[in-house]
Amino acid sequence: MNAQRTIHHARDAVWRRYDDQVAVISLDANRVRLFNAVGSFLWERCDGATLDSMVAAVCERFAVDEGTARVDVEGFVDDLVARGLLRPEGGAP
Amino acid sequence: MNGAQLLRSLSLREGRPMGVHLQVADRCNHSCHHCYQVQGEKGELSFDQLCRIIDGIADAGVFTLNVSGGEATLRPDLLDILRYARGRGFAVRLFTNAFLIDEAYADALAAVGLLEVHVSLYSGVAEEHDAVTRVPHSFERTVGAITALRRRGVRVVLKTPATTLSVRGALGVEALARELGCEHQASTDLTMREDGADAPWAVRVTPEELLRQGMLSPWAPSADEARARAEKLEKYPCGVGRSGLVVLPDGRLQACTDTPNILADLTQAGLADALQQAPERELFEGLTWSRVHGCRDCDLLPACHRCHATALREGGDYLGPYASACARARVRYGAAAGSLEVLPPSADCAPGRDPAVGPYAIVATGVIRPVHDVRTPADEALAQRFAWVRPPVESGLVTLRRKAPLQSSVAQPSSVPQVERV
């Protein structure tokens with residue numbers, strides 16, 4: 001995905017934080033997803049963020065190099081876009 | 001663990017409710033025989049007042065908001081209320097009889113983005129449904145609305161409480177649900193009316209008939225009965241005070257639709273503060289089967305379902321056994337055993353011990369004996385601290401008449417989202 005596009009929570013994604021975990025329900029699919037600490041961190045920061053800013057945030061918060069963080073963040077975003085929980089906006093696909 | 005259980009578990013861990021029922025209308029366009037509500041006496045809140053209450057519920061971290069009435073669609077501002085709730089990040093369900101939902105209204109509901117619309121449909125036979133609602137052509141209108149919603153991809157759950165007026169109902173609705181692509185939830189819940197009148201019970205189906213209809217299943221002790229009992233004792237009979245919180249049309253907060261004490265006035269306080277300050281919180285958070293005297297010592301416990309509020313109104317004790325639940329457990333066990341014999345109460349029981357109420361000991365296959373209902377000092381302390389759970393009989397707050405045959409409530413599973421762990 002284009003690193004300059006912004007990511008947004010999908011309208012059908014309803015979520016709440018429980019301690020260190022975020023639970024998200026997709027209204028469309030009626031499925032609950034429970035994120036681990038890293039996934040929860042990303043979910044809370046991805047609404048309106050670019051891929052680059054998410055990678056930077058992960059590197060700042062967790063002990064991980066940028067290359068690894070980028071692969072993980074891209075995988076996270078791509079998966080949730082495919083599942084309709086995130087939507088990219090702006091820029092070329 | 002399914003998605004609903006997971007969310008309940010996460011919410012319980014943090015001491016916050018998973019969901020809240022918000023009753024926005026104190027009126028209805030149906031007049032169902034079994035309805036527990038008394039309408040037209042509470043009054044309704046304005047849109048702005050409801051928004052402030054919704055804000056408070058959102059601030060408390062609640063996940064799902066079930067918007068109901070009375071009949072919620074009678075409010076001209078219902079769509080605005082639903083949109084506001086969605087804007088506050090809730091997964092919103094609408095509970096309705098769908099009588100007023102036409103094609104345009106279905107368009108608007110689809111645009112709001114609801115988790116589900118729950119529709120009461122009492123029978124697959126039009127005449128039976130109309131007999132329950134006492135509104136001619138209500139079946140036709142409701143099924144038309146369901147069809148309109150489904151055409152727009154709105155998830156619809158059909159709910160069918162069993163009544164004597166709709167004996168062919170459950171099977172017919174189940175087939176209709178399949179045809180329309182809806183989930184179906186049959187239930188045997190019929191509770192007394194809010195004012196204590198037992199009119200809804202005039203249409204209650206007997207346990208024997210529920211068994212014949214397949215709405216109750218035979219039960220026999222399992223090979224590892226001790227484990228089954230231990231597991232059940234740790235479970236909650238229902239979601240009262242946790243996932244079943246109800247905001248009445250005037251903003252008062254109840255622990256469930258049927259538990260009659262008022263926890264707070266949400267026009268005056270946000271939900272989180274109200275719960276924090278409600279002494280009953282301690283009661284509801286610990287209200288597993290192990291807190292229910294009599295039931296916890298009964299050999300039929302694994303066969304049992306209960307409604308605390310029905311226990312209060314039927315037997316005068318919110319935390320004790322009551323006849324209609326016991327009757328259903330006996331019927332389930334008798335069906336599995338082939339027959340059931342109830343022996344005289346054990347010698348340690350008080351004179352006049354009612355054999356229609358547990359606890360029971362299974363003394364041989366198909367043979368049970370009523371045994372002593374042990375109340376511990378902790379039970380008594382709880383009843384003293386929360387006097388409403390066992391009010392004095394002379395207070396007139398409860399109806400102690402027993403009607404035979406009786407039945408209790410069965411908690412039906414709510415729609416169950418799947419879980420994915422990431």
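The cover over the buried residues of helix α12 of chain B includes α13 (323-337) of chain B; contact here means heavy atoms within 4.5 Å. Helices (H or I, at least four residues) and strands (E, at least two) are DSSP runs, numbered from the N terminus. This is a predicted model, in which local features need pLDDT of at least 70 and side-chain atom pairs count only at pLDDT 80 or more, while totals for chains, interfaces and linings use all residues; side-chain values use heavy atoms, with hydrogens and water left out. Residues are numbered from 1 along each chain as its sequence is written, and chains are lettered from A and ligands numbered from 1 in the order in which they are written.

**An enclosed helix**

- Helix α12 (residues 308-315) of chain B is largely enclosed by the rest of the structure, because 7 of its 8 residues are buried. Buried means under 20% relative accessible area, exposed over 50%, and partly exposed in between (1.4 Å probe, protein chains only).
- Among the buried residues of α12(B) are B:His308, B:Arg313 and B:Glu314.
- After α12(B) comes B:Gly316, with a positive phi near 85°.

**Nonpolar cores**

- A nonpolar core is a set of buried Ala, Val, Leu, Ile, Met, Phe, Trp, Tyr and Cys residues joined through side-chain atoms within 4.5 Å.
- The largest such core has 81 residues, and B:Leu271 and B:Tyr318 touch the most other members. Helix α6 (residues 138-151) of chain B gives the most to this core, with 6 residues.
- Both domain 1 and domain 2 of chain B supply this core with at least three residues each.
- Beyond its neighbours within four places in sequence, B:Leu271 has contacts that include B:Pro17, B:Ile57, B:Val62 and B:Leu253.
- A second, separate core has 22 residues, including A:Cys46 and A:Leu86.

**A buried strand residue**

- B:Val67 sits in strand β2 (residues 64-68) of chain B, and it counts as buried because its relative accessibility is 0%.
- Between B:Val67 and B:Val92 there are 7.2 Å in space, C-alpha to C-alpha, although they are 25 residues apart in sequence.
- Not counting residues up to four places away in sequence, B:Val67 touches residues including B:Leu22, B:Leu78 and B:Phe95.

**Two domains in chain B**

- Chain B is divided into domain 1 (3-206 + 238-283) and domain 2 (207-237 + 290-413), with bounds from an automatic or database domain assignment.
- The C-alpha centres of these two domains lie 28 Å apart. Domain 1 puts 30 residues into the contact and domain 2 puts in 36.
- Together the two domains bury about 3,000 Å², 57% of it on carbon and sulfur atoms. Buried area is the accessible area (1.4 Å probe) that two parts lose on being put together, summed over both.
- The rule finds 1 salt bridge across this domain interface. A salt bridge is a side-chain nitrogen of Lys or Arg within 4 Å of a carboxyl oxygen of Asp or Glu.
- The side chains of B:Glu282 and B:Arg385 meet in a salt bridge (2.4 Å, N to O).

**Where the chains meet**

- Chain B gives 29 residues to the contact and chain A gives 22 residues.
- The two chains bury about 2,300 Å² between them, with 49% of it on carbon and sulfur atoms.
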